[in-house]
Amino acid sequence: MGNIGAKDVPVLLSPEGLRLDGRRLDELRPIRIEAGALHQADGSAFVEWGQNKVMAAVYGPREVHPRHLQQNNKAVIQCKYNMAAFAVDERKRPGLDRRSQEISKVIAEAFESVVFAEEFPRTSIDVYIEVLQANAGTRCAGLVAASVALADAGIPMVDLLPAVAVGKIGGQIALDLKKEEDNFGEADLPMALVPQSGRLVLLQMEGHMTEEELGRALDLGVKGCRDIYDRMKAALRERYTMTPVAGGAA
Amino acid sequence: MSEEVIAEILTTHILDLAADGRRLDGRGPDEYRPVSTQPGFVSTADGSALVRMGQTRVLAGIKLEPGKPFPDTPNAGVLTTNAELIPLSSPTFEPGPPQPGAIEVSRVVDRAIRAAETIDLARLCVTPGEKSWVCYVDVHVLEHAGNLIDAALLAAVTALSNSIVPAKRFGVADSDYALDVLHLPIECTFVRLGDAIVVDPTFEEEHAAQGRLTVATDETGRVVAMQKGLVGAFSPDDVKSTVRRAFVHGERLRSLVKGARA
């Protein structure tokens, strides 16, 4: 949303109601999820989502570093969201900034809401998210990758955490914004859903929406999350199916 | 504790094998793991390459931005190399400021790129003393399974060879153009395991190593950079034979860079 008021505002919606990349308002970008993409991590996943490329790794439960963060009754979940310098158009200075620290915090809290952390007292479950190529929605792509990585690591959880952002472009509520839509749109609302309970464990919003629009945006986001949930399960099934069955489960 | 005991047993085993001319993964002493390059992996970068060397996986991205030349080199562009050993890439890395290991990788890779005159820095000058291109080489280690230096330089050189100077986007020229690459340095790293000196060490072999030696060569037959690392020693004869081996491997790895050129 940083460029509101900039010149050359693109037309985000065609007269037919189609978006810049030809999608309908309720359509996701193409998503590919690969569970177990790294060898050394306890769990990992690579997600390509539109023009986003995100790798996630999980280590643990293991010893807590730094030690003073250790909790006697449960595991601590430490999350580091990081962006490669070349992942965005203007080179990003490497290292921690306030944005990535905030995203790390809300993602860690989302996972704390679903992981059975009390089963691993005095340990740390470390979640690393690396954004290699960014095109809006990286926190959601990172969360989806990390969630699949946690499952790949065998961490017990209430459920997987699908996530997606809903926004407002050209006055319309739209699912899964890409970069131009995020930059020139009117609102952005990333969320993560616990499919079992239907509750949201990550929710942020920036921009302006009416109460009615917000209601529709939430409904659209939940629908999108359920779609992503199916793909996350499919990725894990693909990784853990022992014998490939030709023409098997669609 | 138990992890350390296992590591000691593994170290002994690696050294025993090496005395027989063998290695843990079945390679010969002068054999690289399978190496592949994938240029253009990151579309947001001006050039990029993903390199796999066995299980080691390294991503290099190039970014070019207009900036100011250094006062002592007013007629040249600026080259900056940075390697990130992110905690995602190995169970042994922890978050925090760059560790000495990451800094050494950055500097050894930077030295080879610079000394070989890989890119034409003079052509990256726009207005002497005022404006020049700054070329950022960012190396992101995705999986550390040993020999980061060779993989990092191979990724960096492949990425540079496929880079576009975004002159139009920054209003410096009417059109973008390919970055001039003059030379192709390749680094080959060896470790001492007892009396044996083996190429392309794995993570476990680096742990067992009694000295590490990196030799960078270019396509004109020059040695352009060297680095001895880890605890251990090499005789001058060891160094000479290692340089000879580095030229042979360098030529083969360089053909991967040329093959990946757009």
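Modeller: In chain A, 71% of the contacts between residues at least 6 apart in sequence join residues at least 24 apart. Two residues are in contact if their C-beta atoms, placed from the backbone, lie within 7 Å. This is a predicted model, in which local features need pLDDT of at least 70 and side-chain atom pairs count only at pLDDT 80 or more, while totals for chains, interfaces and linings use all residues. Residues are numbered from 1 along each chain as its sequence is written, with chains lettered from A and ligands numbered from 1 in the order in which they are written.

Colleague: Thanks! What is the corresponding share in chain B?

Modeller: For chain B, 68% of the contacts between residues at least 6 apart join residues at least 24 apart.

Colleague: What makes up the secondary structure of chain A?

Modeller: Chain A has 4 helices and 10 strands, and along the sequence they follow the pattern β-β-β-β-α-β-α-β-β-α-β-β-β-α. Helices (H or I, at least four residues) and strands (E, at least two) are DSSP runs, numbered from the N terminus. Chain B has 5 helices and 12 strands.

Colleague: Why is chain A called as compact as a globular protein of that length?

Modeller: The radius of gyration is taken over C-alpha atoms, and the globule rule is 2.2 Å times the number of residues to the power 0.38. For the 250 residues of chain A the rule gives 18 Å, and the chain has 18 Å, so chain A is as compact as a globular protein of that length. Its C-alpha atoms fill a box of roughly 55 × 50 × 35 Å along the principal axes.

Colleague: And what does the rule say for chain B?

Modeller: With 262 residues, a compact globule would have a radius of gyration near 18 Å, and the 19 Å of chain B agrees. The box for the C-alpha atoms of chain B is roughly 60 × 40 × 35 Å along the principal axes.

Colleague: Why does B:L15 count as partly exposed?

Modeller: A residue is buried if 20 or more other C-beta atoms, placed from the backbone, lie within 10 Å of its own, exposed if 12 or fewer, and partly exposed in between. B:L15 has 17 C-beta neighbours inside 10 Å, so it counts as partly exposed. B:L15 sits in helix α1 (residues 2-19) of chain B and touches B:L193, B:G194 and B:A208, leaving aside residues up to four places away in sequence.

Colleague: How much of each chain counts as buried?

Modeller: The figure is 48% of the 250 residues in chain A and 46% of the 262 residues in chain B.

Colleague: How do you know that the buried residues of α1(A) line one face of the helix?

Modeller: In α1(A), A:I103, A:S104, A:I107, A:A110 and A:F111 are buried. Down the helix axis, these buried residues fall within an arc of 125 degrees, so they line one face; the arc is that of the directions from the helix axis to the C-beta atoms. A:R98, A:Q101 and A:K105 are exposed on the other side of α1(A). Among the elements covering its buried residues are β4, β5 and α2 (138-152) of chain A.

Colleague: Why does the span of α2(B) agree with what it should be?

Modeller: The expected span of a helix is 1.5 Å times one less than its number of residues. For the 16 residues of α2(B) (100-115) that should be 22 Å, and the end C-alpha atoms are 22 Å apart, so the two agree. Just after α2(B), B:E117 takes a positive phi of about 50 degrees.

Colleague: What makes α3(B) largely enclosed by the rest of the structure?

Modeller: 14 of the 14 residues of α3(B) are buried, so this helix is largely enclosed. The helix reaches 20 Å from its first C-alpha to its last, close to the 20 Å expected.

Colleague: Which residues touch the most other members of the largest nonpolar core?

Modeller: A nonpolar core is a set of buried Ala, Val, Leu, Ile, Met, Phe, Trp, Tyr and Cys residues joined through C-beta atoms within 7 Å. Of the 148 residues in the largest one, A:A145, B:A152, B:A155 and B:A156 touch the most other members. α3(B) supplies the largest share of this core, 11 residues. The residues that B:A155 touches include B:A49, B:V58 and B:V139.
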